[in-house]
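Subject: Structure handover

Hello,

Here is the structure for you to open. My notes on it follow below.

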Amino acid sequence: MRNRSLCLLLSMLVAQALFAQAPDNKLQLTDVSNQTGIEFVHTDGGSGEHYIVESVVCGLALFDYNNDGWTDLYFLNGAPLKGTVTDQPPTNVLYRNNGDFTFSDVTSSAGVGDVGYGLGVVVADYNQDGYDDLYINNFGKNVLYTNNGNGSFRDSSAAMGQPVLDQFGAGCAFLDIEGDGDLDLYVANYVDFTYDRHIVRMIGEHQFHPGPTDYSPSSDILFRNNNDGTFFNISQAAGISAVATNSMGVLAVDVDEDGDCDIVVANDQMANSLFLNDGLGHFVERGVEAGIGFDRRGRANGNMGIEFGDVDADGLLDLFTTTYQDEMPVLYKNFGGGLFMDQTNLAQIDTRLTPHVHWGCGLVDFDHDSDLDLFVSCGHFMDNIAYIDDRTAVDVPNYLLENMGTGSFRNPTHPMGSGMDIVASSRGAAFDDLDNDGDIDVVVLNANGKPNILRNELIGNSQASSTPESPAARQGVNWLRLRLIGTTSNRSAVGAKVSIQSNGKLQIANTVAGRGYQSHYLSRLHFGLGGDATTLANVKWANGISEEFVIPNVNQEWNLIEGDGQAKSIDSPSAL
């Protein structure tokens, strides 16, 4: 009996110790949408015909278009489809961040109100002039907006060489395919659909949208940057056009750690693609061989979004895909050497996601405990889904899962704020620090509705200072934000990798252009540090050169300029 009592006592002590080590529930997202001044309303342009285009809307972009240090918002919109009549065509909308969690519509003055059917978007400084440019992947003609540097853009679509017309766009990504210091462009396409190929699908008396398997897949396009403001289609020579898939989200990152940018494509009801780069801009597709083509059951899911991050702090970038209803999203753990395995069950991803369609996704350290939490946006596109599946609906909640520090996740039992009580039909999700207070906020685009703006309450409404007495430091939730600026490599530093040590963990982050569900976000790299005060950052630039930077203070944003070796405060003119 005495031995049993001792064992019971030891078990209780161990359980208490484990509980004490578990992360505190600091995840609080408040819905401040009605306070922001944002009046944008998305439309899918539907006329009741249930065209397949309506079923795959759409992404958004967060970026600083005017270099004032505040993250601005760019929402894609649909357009009237055949049979839809409207007095005023909808447009994409750009909102300037006013610095107080309100935003002003500057679409007209900026000249970025495209009236095409927006599906995917990506941002980078493709012409190396210090200002971010916009590329929009549409159903129909795509658009390249070049930033003039004065708060306006010009339409430079003709720079793409041969026009991209009458194609069904999806995600897109900027990357440097051959390490020559300029940014090339990958443009994904979904299926080969035109109005005369529309399929009417009836189940009983109810009409439903056709799916990707009702059409032929399309090949994606790779444009090489000619370094003179123009691009050239090299899809065939690069090995991209040899593969035709139902492409959706796109991510360009060094998957096999051989020093060049590879391309990962989330494919709808087909095996995901992994285009491995030989370093010279020639690619070979190896998704199945790498272990990311199918889930652990050998099933090709209806993959939507693609995200990446080191979820278990082993120094390797893992991949995450969102999927269709009756499928779990999939976490592919990186085992090194370019090999991955479905570890969704071991990671304890919430199985309540199964009934829903998942779209946007973000691996972000929302609570600054030095690991990556997971946000997933959900919502169906079938207005009559209840007739075939009553487990889900058009409007459903989104999910925020907390990383337990080892790469496994939990759905916190405590309330996570009004932002997680929203029920909507969400699509693209994007993440950045909208109020520059040191924590990451969330923007969610909702189909046929207004977006949601979610403020992270980890630090508070006031901007955190760079002193140890800042709100973040007092709460033991230090942070660090880094903006990388290339000189010999591309100015946006796409393809660069940063490593830091904090809380006894190795943290890594890569600069990418294009991610999630056909969206763009986190051009500035963000690290949660817990109670640590990290002082060193190691950068491996896109050209393969490594450089170490001393970070003078935490709870602050720093610019790291290639070849400089010293972190520059964002207030320093020499840092721009």
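Start at Q348, which is exposed at a relative accessible area of 51%. Here exposed means over 50%, buried under 20%, and partly exposed in between, with a 1.4 Å probe and protein chains only. Q348 is in the loop between strand 25 (340-342) and strand 26 (358-364). Strands are DSSP runs of E, at least two residues, and helices are runs of H or I, at least four residues; both are numbered from the N terminus. Q348 is not a glycine, yet its phi is positive, about 60°.

Before the rest, note that this is a predicted model: local features need pLDDT of at least 70, side-chain atom pairs count only at pLDDT 80 or more, and totals for chains, interfaces and linings use all residues. Residues are numbered from 1 along each chain as its sequence is written, and side-chain values use heavy atoms, with hydrogens and water left out.

Backbone points

D326 also has a positive phi, about 65°, and is not a glycine. D326 sits in the loop between strand 23 (318-321) and strand 24 (330-334). D326 counts as partly exposed because its relative accessibility is 41%. The peptide bond from V57 to C58 is cis, with omega near -25°. C58 belongs to the loop between strand 1 (29-31) and strand 2 (60-63).

Two domains

The protein splits into domain 1 (29-456) and domain 2 (476-569). Those bounds come from an automatic or database domain assignment. The C-alpha centres of the two domains are 23 Å apart. Domain 1 gives 71 residues to the contact and domain 2 gives 37 residues. Contact means heavy atoms within 4.5 Å.

How much area do domain 1 and domain 2 bury between them? About 3800 Å², with 50% of it on carbon and sulfur atoms. Buried area is the accessible area (1.4 Å probe) that two parts lose on being put together, summed over both. F308, H368 and S370 supply 15% of what domain 1 buries against domain 2, more than any other three residues.

There are 6 salt bridges between domain 1 and domain 2. A salt bridge puts a side-chain nitrogen of Lys or Arg within 4 Å of a carboxyl oxygen of Asp or Glu. Separately listed is the salt bridge between the side chains of K497 and E257, at 3.2 Å, N to O.

R481 lies in strand 35 (residues 478-485). R481 is buried, at 3% relative accessible area. Beyond its neighbours within four places in sequence, R481 contacts residues including D433, N436, R524 and W558.

Residues 493-558 are 0% helix and 45% strand, with end C-alpha atoms 14 Å apart.

Cysteines

The structure holds 0 disulfides. A disulfide is a pair of cysteine sulfur atoms within 2.5 Å. For C261, the nearest cysteine sulfur is that of C172, 15 Å away. C261 is buried, at 7%. For C378, the nearest cysteine sulfur is that of C361, 10 Å away. C378 is buried too, at 0% relative accessibility.

One more residue

V284 is in strand 21 (residues 283-285). V284 is partly exposed, at 35% relative accessibility. Leaving aside neighbours within four places in sequence, V284 contacts L274, F275 and L276.

Best wishes
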